[in-house]
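Subject: Structure handover

Hello,

Please find the structure below.

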Amino acid sequence: MILPDLRYSIGTDVGGTFTDLVFCDSSGDVHCFKIPSTPTMPGESILTGVDEIHQALRPPADAWREAHHTHSSTVATNALIERRGARVGLITTFGFRDLFELQRLAIPHPMRFDSRRPTPLVPRDLVHEVHGRIGPDGSEIEPLDQQELIEAARALVASGVEIAVVTFIHSYHNPAHERLARELVVQHGIDLRLELSADIWPQAREYERAVLTTINASVRPIVEAYVRRLTDGLDARGLAIPARIARSNGGAELARTMRDRPVVALLSGPAAGVAGAADAAEDAGWAAADLMTLDVGGTSADIGVIRDGQPVLSSEELVGDFPVLIPTVAVSSIGAGGGSIIWVDSAGSLKVGPRSVGADPGPACYGSGSTTPALTDAFLVAGLLTPGQRLGGKLALRLDPARRALATVGQRLHLTEEQVADGAIRVATAMMAAEATRVLARRGVDAPRFRMVAFGGAGPLMAALIAEEIAIDTILIPPFPGALSALGAARADIAGDLVHPIYTRLHKLSSAALAAAYQALRNAAETWIDDQSSGVDMHPFRISYAAEMRYEGQGYDVPVALEPDWLANDDRDSIAAAFHAAHRSVYGHATEANEVWLKELRVHLSGAIPRPRLRAVRNEDLEPDSKRPIRLFGQTVEAAVVSRSALGANGTVQGPTILNQMDTTTLIPPGWQASLAPSGAMILRHTETKAAQ
């Protein structure tokens, strides 16, 4: 089955400062739009952008109705980080009231005397215990105390709780007590919504499962309102194809199903960006490449890793200091973006971020009345951005307010505005380089052997500066770097993840139990596929099986890819051999005589949908050729300023050069050169020998 190219496709990415939209038409052209985000009304900026697309391009009515559209955002993430979610209570097993207080006993930063564990999402006075116990094998040790459960639910209602999380020990193996809790609340007419941990992600690790369920409960009302506003607004605008929401695993799912488990989309924006970077690299001929991704937006810099052409997934990511068990594109974020505030600490040191000026009022150079200096102001004063340049083709940058804002910092440090700008860019570069080094080291990556994909509104501006710091000498700038997360959403396949607990020694697992677990996982996968594929043309779903396994006494798991025949035919020898091989690959050794535990089975589902066909190279006239002085790391140099369209298919541009386009600006420093790939992506290469080599 060969899928047809889409006639029209829309992708969106709601950031902290701007909302990016892409519209891919039947000719392969990609049209980018940038709208100020509306943090107080999530989804409204998308609808405004969709209106602008329709007014600007006037697509045929029938094609507009059939346009596919996928949306990524930070709505859930921001609600979690800012603690703006619902008032949540917790009902747990007797003896586990301090689950959120104890956490994992680890101190986040053990070398700092002021290090503290994150404040729990549920205060202790909203945690209630009930008697009842499920054993680790799923058997009932003690019946659930139904009266205690009813009293706990009523007490939470009296305390103003909107949603109660129910997390009983070992419910991943047997959810009967959690199911009974819901039945009792309904039977007794208690006006309390329950969120069951076994429904969200049935995996061992009581603290992490409780946190994941609590996050889901906390952000659910906000996400439900966002999805409702979005889908109602899109329906009213004549878009008939059901909306999809980008997931944290780099795929997407239907909005109507995602709103039940919004936790799967916590990192949808950054994940869509990394997935879009993998697509852009493949389009440019970098198939199966090892890459570092750098996404610098308005409020943060996100760093990810791509191995063999695929985004690296992790089940151990932290979002707002909290662990997230579900498979997520591994992205590390720091508070250093175009809107990050430039300030001076009590010791007189220049700092950048993590606080941001946000979309309203924005940096001082937006001319909206702000006097708070931000990193974008530094870019403008340093000459890296052009006075009068219009962000997203709309907002003209104003130099005078930017200089006045930086002067407030310069007065404290006895520096000129240019020196403050230069210093702030140095600080931001050092911060991002340090985080990139940490991320790559965590993945066992030697940075000079990797290449970089830079995107986001400010990613191409800082890419070469950061690459020099970490000894990367080749950078890819996609054709639409400022809107790559939106384009990644538009091109995302349907993808989901499911888990089924086993938690027993492999040799003690009966043939019947393994077969039953395999069949249960397969049935759940088929149900999910049926939900997602309704009315959508796509390739048959690819179903990939894996297991989390460990040796007896080991405190960490190793992911192991499995063949479905091994599960269906009780081939435990092949399962064990695959685990030993995986352990040897990761740690350099295997102890085949040791007992092996099978913790859980996992399945990853992906279905390819029709993708927009992209035209290779575009032409645009943004700015005539000129030259101006720019300040880089304490030196002033003369740089050419040209439109990106001036870079022909066979030509190269030598640094120092500023390349402008509608959605971003690219800096080519001295010692670098840029050329164009057939896909329209720009390749930056370092042409001077680095001191580190």
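Both faces of strand β34 are covered: Thr-657, Leu-659 and Gln-661 are buried on one side, and Ile-658 and Asn-660 are buried on the other. Buried means under 20% relative accessible area, exposed means over 50%, and partly exposed lies in between (1.4 Å probe, protein chains only). Helices (H or I, at least four residues) and strands (E, at least two) are DSSP runs, numbered from the N terminus.

This is a predicted model, in which local features need pLDDT of at least 70 and side-chain atom pairs count only at pLDDT 80 or more, while totals for chains, interfaces and linings use all residues. Residues are numbered from 1 along each chain as its sequence is written, and side-chain values use heavy atoms, with hydrogens and water left out.

Next, the neighbours of β34. Two strands pair if DSSP finds at least two bridges between them. Strand β32 (residues 635-643) runs parallel to β34, and 4 bridges join the two. Ala-640 has Thr-657 in β34 as its bridge partner. Strand β35 (residues 664-668) pairs with β34 in the antiparallel sense, over 5 bridges. In this pairing, Leu-659 stands opposite Thr-666 in β35. A hairpin of 2 residues joins β34 to β35.

Now the aromatic rings. Rings of Phe, Tyr and Trp (its six-membered ring) pair if their centres lie within 6.5 Å; planes under 30 degrees apart count as stacked, over 60 as edge-to-face and the rest as tilted. The whole structure holds 10 aromatic pairs. In one of them, the ring centres of Phe-23 and Trp-64 are 6.2 Å apart and the planes are at 35°, so the pair is tilted. This pair links distant parts of the chain, 41 residues apart: Phe-23 is in strand β2 (residues 18-24) and Trp-64 in helix α2 (residues 61-65). Phe-23 is buried, with a relative accessible area of 1%, and Trp-64 is buried too, at 4%.

The rings of Tyr-518 and Tyr-545 have centres 5.5 Å apart and planes at 55°, so this pair is tilted. Tyr-518 is in helix α16 (residues 511-533) and Tyr-545 in strand β28 (residues 542-551), 27 residues apart. Both tyrosines, Tyr-518 and Tyr-545, are buried.

Tyr-8, Phe-23 and Trp-64 form one aromatic cluster.

Regards
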